[in-house]
Amino acid sequence: MRARLAFGLRGQHAVTEPSPVMSPSDGSRPGLMLLALLIAGVGAWMFTQTPSRGGTEPPPGAAPPPALPGFRSDAWLLPDEPLLGFVKIPEGPFLMGGTPATDPGAFDNERWSSTLSRGTVTLETYYLSRYEVTVAQFAAFVVDTGYEPAAETLAAPGDHPVSHVSWPDALAYADWLTGALAAAPNTPEPLRQRLAAGWRVMLPTEAQWEKAARGPDDRIYPWGDTADRARANFQGQTTVPVGSYACDDCPYGLADMGGNVWEWTRSPYQPYPFTGDDDVDTLGDDALWVMRGGSFTDPERNLRTGTRGGGDPGARRPFMGFRVVLATP
Ligand SMILES: [Ca+2]
């Protein structure tokens with residue numbers, strides 16, 4: 001299976017993607033091929049390349065992850081906060097998408113429709129994780145289940161965002177965390193109540209992601225309307241510990257919504273208008289899946305709250321990770 005990635009900004013990843021993720025197993029293809037393809041008329045570019053290894057080797061970490069300051073060893077290394085890092089995003093509408101008329105950095109695939117530059121989306125209350133899922137948290141899942149990640153998945157320090165995770169890897173973590181939180185005696189009561197009511201830990205939809213990043217005051221970047229190297233990890237060389245950049249004034253106090261790693265969503269990559277009807281959490285077809293927020297390798301434009309990237313579900317890359325949502329399915 002070939003892995004494809006699509007980004008709003010042409011060509012950036014073709015030159016910045018580190019070489020270690022090139023597949024050593026398929027000598028019939030060059031490590032990276034650039035293809036110019038239109039995706040459903042939105043004008044994005046796609047890249048094809050062979051995937052990294054597919055999880056056939058034993059997990060590299062058999063021992064429980066070590067304790068980390070600020071994270072709970074008795075709760076799968078989740079943040080030491082009253083709700084274990086789940087942050088409430090209140091119900092209500094927000095304006096999604098855009099065009100250069102509303103945001104000079106907007107890409108073609110952010111336009112809402114032929115007649116509308118933006119669309120109003122109303123969401124029920126949900127809880128989004130304050131931080132990207134960390135290496136230590138993913139290691140806790142691997143230890144608990146015997147899940148086999150890629151060789152590189154747990155290589156970074158425990159407080160960095162987990163990367164080299166495919167879309168199914170992310171879904172497996174979320175499903176596991178749903179059951180783990182529901183079963184554990186020390187799960188905070190507000191989380192327990194919602195899990196008992198059928199809520200689940202999932203990947204966010206791209207609408208849930210964008211509302212949380214834009215905030216009530218419709219920001220172009222999570223911290224405001226201009227790029228700021230002091231506020232996010234981008235145009236750099238590697239991931240950094242989650243929450244390294246001060247963003248207390250970012251919407252809802254979420255960290256790293258811009259930069260560090262791109263974040264998988266459960267929305268298929270397709271033209272707007274957005275509809276939650278197409279969001280799934282099973283691998284049923286050959287769709288690309290939306291990822292958001294840009295990464296440590298990206299230019300500032302890709303860190304915008306409206307930027308939409310697309311990834312093949314099998315793609316594992318050093319700049320791709322995820323965060324999770326607690327919401328009604
Ligand atoms: Ca991020």
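Select I89 and Y126. In this predicted model, I89 sits opposite Y126, a residue of β9.

Now widen the selection to the two strands. β6 covers residues 86-89, and β9 covers residues 126-129. They run antiparallel, and four bridges join them.

**The sheet**

The four strands make an open sheet, and its order is β6-β9-β15-β10. The pairing is antiparallel. Look at the two edges, β6 and β10 (200-202). Each has a single partner strand, so one side of each has no neighbour in the sheet. Turn the view to follow the twist: from one strand to the next it averages 30°.

Check its backbone: phi is positive, about 55°, although L84 is not a glycine. Is L84 buried or exposed? It counts as buried, because 22 C-beta neighbours lie inside 10 Å and the cut-off for buried is 20 or more.

**Q235**

Go to Q235, in the loop between α5 (206-214) and β11. Q235 is another residue to check for phi: the value is positive, near 50°, and the residue is not glycine. Q235 has 19 other C-beta atoms within 10 Å, so it is partly exposed.

**F296 and what surrounds it**

Select F296 next. Find it in the loop between β12 and β13 (308-311). Which residues is F296 in contact with, leaving aside neighbours within four places in sequence? They are N233, F234, G236, T238, T239, G259, N260 and F319. Pick T239 from that list and draw a distance. The C-alpha atoms of F296 and T239 are 6.1 Å apart, while 57 residues separate the two along the chain.

**A cis proline**

Move to P273, in the loop between β11 (262-268) and β12 (289-292). Display the backbone from Y272 to P273. That peptide bond is cis, with omega near 10°.

**Last stop: confidence**

Colour the chain by pLDDT. The protein has a mean of 83, and 79% of its residues reach 70 or more. Then select residues 8-61, where pLDDT is below 50. Beyond near neighbours in sequence, this stretch has 105 contacts in the model. Where pLDDT is low, predicted coordinates should not be read in detail.

How values were computed
Residues numbered from 1 in each chain as written. Predicted model: local features only at pLDDT ≥ 70, side-chain atom pairs only at ≥ 80, totals over all residues. Buried ≥ 20, exposed ≤ 12 C-beta atoms within 10 Å, placed from the backbone. pLDDT = per-residue confidence, 0-100. Contact = placed C-beta atoms within 7 Å. Pairing = 2+ DSSP bridges. Axes fitted to C-alpha atoms, helices over the stretch in contact; angles between N-to-C directions.
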